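Please read them with the structure open beside you.

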Amino acid sequence: MSKETSSPYKNTFFLLFVIATFISNTGTWLFTVGSGWLMTELDSSAFMVSLVQTATLIPLFILALPTGAIGDLYNQKKIIIISQSLLVLNTLIFAYIVYLEKATVFLLLFFTLLNGIGAAFSRPVLAALTPQLVPKSQLRTAVNLTGIAYNLSRALGPILGGTLVTMYALDLPFWIDALSFGAVVLVISFWKRRTKNEKLPDQKLMHSMGDSIRFLRYTPALYHSIIRALLFFFPAAALWAFMPLIAKQQFSGGADLYGYLLGASGIGAVSSVSFSNFITRKLGAGRLTMVVSILLGVSLFFLGLTTSKYYAIGICFLAGVCWQLSFTSIMTSAQYALPKWYGARGIAYFLMAMSGSMGIGSALWGLFADQTSLQNGLYAAGIASAIIALIGQRFPLDLAKDFNFKKASEVSVPSVSEKKDNGGWVMVHINYTINHEIKTEAIERISALKNKRYRGGARNWRLFSPEENKNQLIETYYEPSLNQLIRHQKQVTVYDKESEEELSKWITNKGGHIERLFFHEV
């Protein structure tokens with residue numbers, strides 16, 4: 001982690017990282033404009049145009065979990081450099097194809113899909129770097145700063161892309177995009193992690209993915225954020241999927257108008273950063289997300305109604321404000337819930353939710369528009385956004401804002417750690433001896449540890465009450481191997497350690513005691 005400073009704005013490496021991602025994202029928006037406009041020339045149906053966004057996002061939906069696990073297990077620096085370098089190569093090849101005027105619908109979707117695969121390997125790791133580069137107290141500000149960079153690129157990139165396509169050549173945005181990936185490669189090559197790398201037992205990829213699934217399932221703060229992402233981005237996908245057709249069909253414009261519409265949404269997103277923290281404190285992340293989701297729905301509806309391209313640009317500005325406010329709230333809520341060792345995998349779930357919801361949503365809204373009309377597609381997406389916003393209130397955000405998910409110190413490792421691991425299962429057996437008069441309350445308190453156990457890698461958690469001994473409770477769970485048990489014992493958050501210590505202190509004060517045993521499969 002970078003040395004802690006009073007503000008992320010004074011963190012030199014973090015600022016360089018933000019600038020590099022800004023350059024790379026600007027290039028990506030050039031690719032978005034170029035590929036979207038190219039598709040309108042090759043096949044202008046709403047479904048085919050929307051497939052460009054689907055091809056970009058679906059790889060992230062499918063691959064985010066395994067690539068997130070890879071990001072947590074292996075060298076993050078190498079993963080970023082390799083994936084970004086392959087994106088340079090892939091985009092250069094496609095730029096040359098466009099230059100030769102050999103591009104087809106298949107080639108466009110194929111190379112867009114390859115770029116999506118490259119992004120699937122790098123984006124979870126890149127997104128997980130922010131909590132490593134700034135302390136938790138600065139996280140919302142840091143996320144806002146990365147949001148400023150992203151949305152500046154979304155404001156400038158489309159306008160630049162539309163201008164390049166209109167005034168110069170359709171292949172030019174792709175050449176520039178290829179070079180832009182080099183900025184991230186350059187900055188990350190100088191990244192030096194300053195955290196101590198504690199030696200942990202090796203972990204298989206499938207075990208790592210399984211751990212993350214249990215962590216998601218038993219961490220409400222995380223899965224609430226994921227559900228809110230699914231709900232918000234599904235109707236919001238219509239805005240980006242239909243943008244090329246709004247410019248070309250609804251207003252008979254060119255690539256430059258497409259760039260202005262995208263750019264207006266980016267400028268709106270950037271402007272929202274100036275009041276994001278204030279309005280979040282006033283409304284709370286959950287209520288704010290509901291309000292802006294409704295406003296985004298209204299924007300989509302009126303975008304279908306308007307006959308003025310100037311009004312449309314203004315509406316896109318408002319939609320960009322709504323997009324950024326909701327994105328920041330949901331992303332920050334997810335990051336609050338993640339200890340460092342689940343960073344890439346946890347963010348992978350957020351990216352899966354966002355990309356899957358947008359990718360599938362884009363295709364479905366495109367099909368609907370083909371069967372009805374572009375305007376009806378916008379109306380339907382707007383109504384859906386408003387309705388879904390109300391449903392989302394059932395899943396509160398920022399549940400882990402005040403929890404300490406840093407690594408706990410002085411966590412005891414099982415005495416069996418010195419034995420050789422034969423790969424067999426390990427049963428953890430915890431015997432609670434208590435006064436039978438407090439048994440009901442003890443059951444409630446011990447049961448409250450269930451989520452903690454599963455977050456820590458447990459399988460098949462159970463709590464037993466022996467018939468022959470009213471003063472005893474037995475808690476059991478399994479680990480797939482001794483190495484996994486040791487690894488999980490060394491990855492305990494302060495929050496989870498404190499909850500277990502609180503139980504232990506309560507039982508001791510009530511005259512009871514706790515005995516832990518570990519049984520290794522032979």
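1. In which sense, left-handed or right-handed, does H8 cross H11? H8 passes H11 in a left-handed crossing, a term used when the near helix is turned anticlockwise from the far one by less than a right angle, right-handed being the clockwise case. Helices (H or I, at least four residues) and strands (E, at least two) are DSSP runs, numbered from the N terminus.

2. This is a predicted model, in which local features need pLDDT of at least 70 and side-chain atom pairs count only at pLDDT 80 or more, while totals for chains, interfaces and linings use all residues. Residues are numbered from 1 along each chain as its sequence is written, and side-chain values use heavy atoms, with hydrogens and water left out.

3. The axes of H8 (residues 220–250) and H11 (residues 309–336) come within 9 Å and cross at roughly 160°, the axes being lines fitted to C-alpha atoms over the stretch in contact and the angles running from 0 to 180 degrees between N-to-C directions. The two helices are therefore roughly antiparallel (over 145 degrees; under 35 is roughly parallel, 65 to 115 roughly perpendicular and the rest oblique). Their contact (heavy atoms within 4.5 Å) includes Phe232, Phe233 and Trp240 of H8, and Trp323 and Phe327 of H11. The residues of this contact divide into 16 nonpolar, three polar and one charged, where Ala, Val, Leu, Ile, Met, Phe, Trp, Tyr, Cys and Pro count as nonpolar, Asp, Glu, Lys and Arg as charged, and the others, Gly among them, as polar.

4. Helix H17 (residues 494–509) has 16 residues and should span 22 Å at 1.5 Å a residue, which agrees with the 22 Å between its end C-alpha atoms; the expected span is 1.5 Å times one less than the number of residues. Its buried residues include Val494, Leu503 and Trp506 (buried is under 20% relative accessible area, exposed over 50%, partly exposed in between, with a 1.4 Å probe and protein chains only). The buried residues of H17 pack against strands E1 (426–433) and E4 (513–520) and helices H14 (439–447) and H15 (450–455).

5. Val18, in helix H1 (residues 12–42), is buried at 7% relative accessible area. Beyond its neighbours within four places in sequence, Val18 is in contact with Leu145, Thr146 and Ala149.

6. Two backbone angles deserve a look, because most residues other than glycine have a negative phi. Asp398, in the loop between helix H13 (374–391) and E1, has a positive phi of about 60° and counts as buried at 16% relative accessibility. Asn460, in strand E2 (residues 459–464), has a positive phi near 55° and is partly exposed at 39%.
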